[in-house]
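Colleague: I've got the model open next to my notes and would like to go through it with you. Can we take it piece by piece?

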Amino acid sequence: MSRYRVGIVAGEASGDLIAAHLVQALKAHVPDIEFIGIAGPKMIAAGATSLFPMEKLAVRGYVEVLRHYREIIGIRRKLKTYFLDNPPDLFIGVDAPDFNLSLEEALKRHGIPTIHYVSPSIWAWRGERIGQIARAVSRILVLFPFEEPLYENVGVAVTYVGHPLADILPEEVDREAARVQLKIVQPGPVFALLPGSRVSELTAMAELFVRTAQLIAQKLPQAQFLVPTVNRDTRRIFEEALYRCEAQNLPITMLFGHAHAAMAAADVVLVASGTATLEAALLKRPMVITYKMPRLSWSIMQRKKYQPYVGLPNILAGRFIVPELLQDEATPENIAQVLLNLLNDEGVRKGLESEFIAMHQVLRQNTAAKAAEAILPYLEGRA
């Protein structure tokens, strides 16, 4: 029988990566610890047990969530019943705040310590959630240094742990080695296209990315394009967009995974807003950030946001250092032009590299170990 039993829920690929490293770090302290809840493939490989498929929670945007609302609420209700009937020593919600915070609040009311790992973006929009966070968590672990005082100011126990990607990704990136790994031998500029990890994102943006690549290829016939996808569904959607745009002859290399290698190999990156923008920054690659979503979801989010930017590199810098072309501004013509401008402006690229090096140094904190150290007192009854 396990010494400790931990409930854990991650809702998408980035949470799966963060949680997998935490599982490994806690097992280094307590080898017989057990993790059960909702886990992705990396968490499962690290030893966690998943009661429901993580993909069921990977939905973004108001309209999209409403479409799946009944199913998601049903999963949360079943999970709450399971944990109340089989109380864990601790519950850890990894990101997915709309799912996890209500679950954490219910479990905390029944005496189960709760840790929320990754702060919701209360500094960007929906700041009213901080009240629910205070009710729901025993402690919150935050990834960015500017988040810590936000919680200290309202009396929420908080620990800044840095970002795990800053530990994983090297400070110096070997572009040639990445190109050898991906078998890129032809001369010419290389563009990495990252249209998102969710089916809903690919559905909204695959055609935009394809038409942008077509425009670039018209101006730069030697250009090459790398498209990493996370699963068969997202790959299929992108391939269908190629077919609709009659772009099967584009010099595109489709990849399963290998997003980091694709970005490292690229001269410039086109990336959907999300964690991948931080990955591109930590890999020191110049980028253009884009995003499109259903008009109603966009309208609601625009009314609630506090900052003029959405990309993590710009949020961390506190100003626009990376171009953002969102919603109506996200046209193939606009995006292609800005990508070509970045490709041709060495001074801008070097300035971005300096900014990204500084970000990397701030975020590299040995995150999983710091997170484990913050969590262990709650397991051992010392908190």
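Colleague: Which strand is T290 found in?

Modeller: Bear in mind that this is a predicted model: local features need pLDDT of at least 70, side-chain atom pairs count only at pLDDT 80 or more, and totals for chains, interfaces and linings use all residues. Residues are numbered from 1 along each chain as its sequence is written, and side-chain values use heavy atoms, with hydrogens and water left out. Helices (H or I, at least four residues) and strands (E, at least two) are DSSP runs, numbered from the N terminus. The run covering residues 287-291 holds T290, and that is strand β12.

Colleague: Is T290 buried or exposed?

Modeller: Look at the neighbours: T290 touches residues including M205, L208, F209, L270, V271, L325 and I335, leaving out those up to four places away in sequence; contact means heavy atoms within 4.5 Å. For accessibility, buried means under 20% relative accessible area, exposed over 50%, and partly exposed in between (1.4 Å probe, protein chains only). T290 has a relative accessible area of 0%, so T290 is buried.

Colleague: Which residues does F238 touch?

Modeller: F238 is among the core members that touch the most others. Leaving out residues up to four places away in sequence, F238 touches P195, L202, A206, F209, V210, V227, I252 and M254.

Colleague: What is the strand order in the open sheet of seven strands?

Modeller: Strands pair if DSSP finds at least two bridges between them. The edge strands, each pairing on one side only, are β3 (49-50) and β7 (158-160). Pairing is parallel, and the order reads β3-β2-β1-β4-β5-β6-β7.

Colleague: At what angle does helix α17 run to β6?

Modeller: Axes are lines fitted to C-alpha atoms, for helices over the stretch in contact, and angles run from 0 to 180 degrees between N-to-C directions. Helix α17 (residues 367-379) lies across β1, β4, β5, β6 and β7, and its angle to β6 is about 175 degrees.

Colleague: How many residues of helix α12 are buried?

Modeller: The buried residues of α12 include A276, L278, E279 and L282. Their cover includes α7, α11, β11, β12, α14 and α16. Of the eight residues of α12, the number buried is seven.

Colleague: How many salt bridges does a search of the whole structure find?

Modeller: Side chains of opposite charge can pair when their charged atoms come close. A salt bridge here is a side-chain nitrogen of Lys or Arg within 4 Å of a carboxyl oxygen of Asp or Glu. The search finds 13.

Colleague: How far apart are the closest N and O atoms of R175 and D267?

Modeller: R175 counts as partly exposed, at 29% relative accessibility, whereas D267 is buried at 16%. D267 also meets R179 in a salt bridge (3.0 Å, N to O). For R175 and D267, the closest N and O atoms are apart by 2.8 Å.

Colleague: Is K183 buried or exposed?

Modeller: K183 is in the loop between α8 and β8, and its phi is positive, near 60 degrees, though K183 isn't a glycine. Its relative accessibility is 69%, so K183 counts as exposed.

Note on methods
A nonpolar core is a set of buried Ala, Val, Leu, Ile, Met, Phe, Trp, Tyr and Cys residues joined through side-chain atoms within 4.5 Å.
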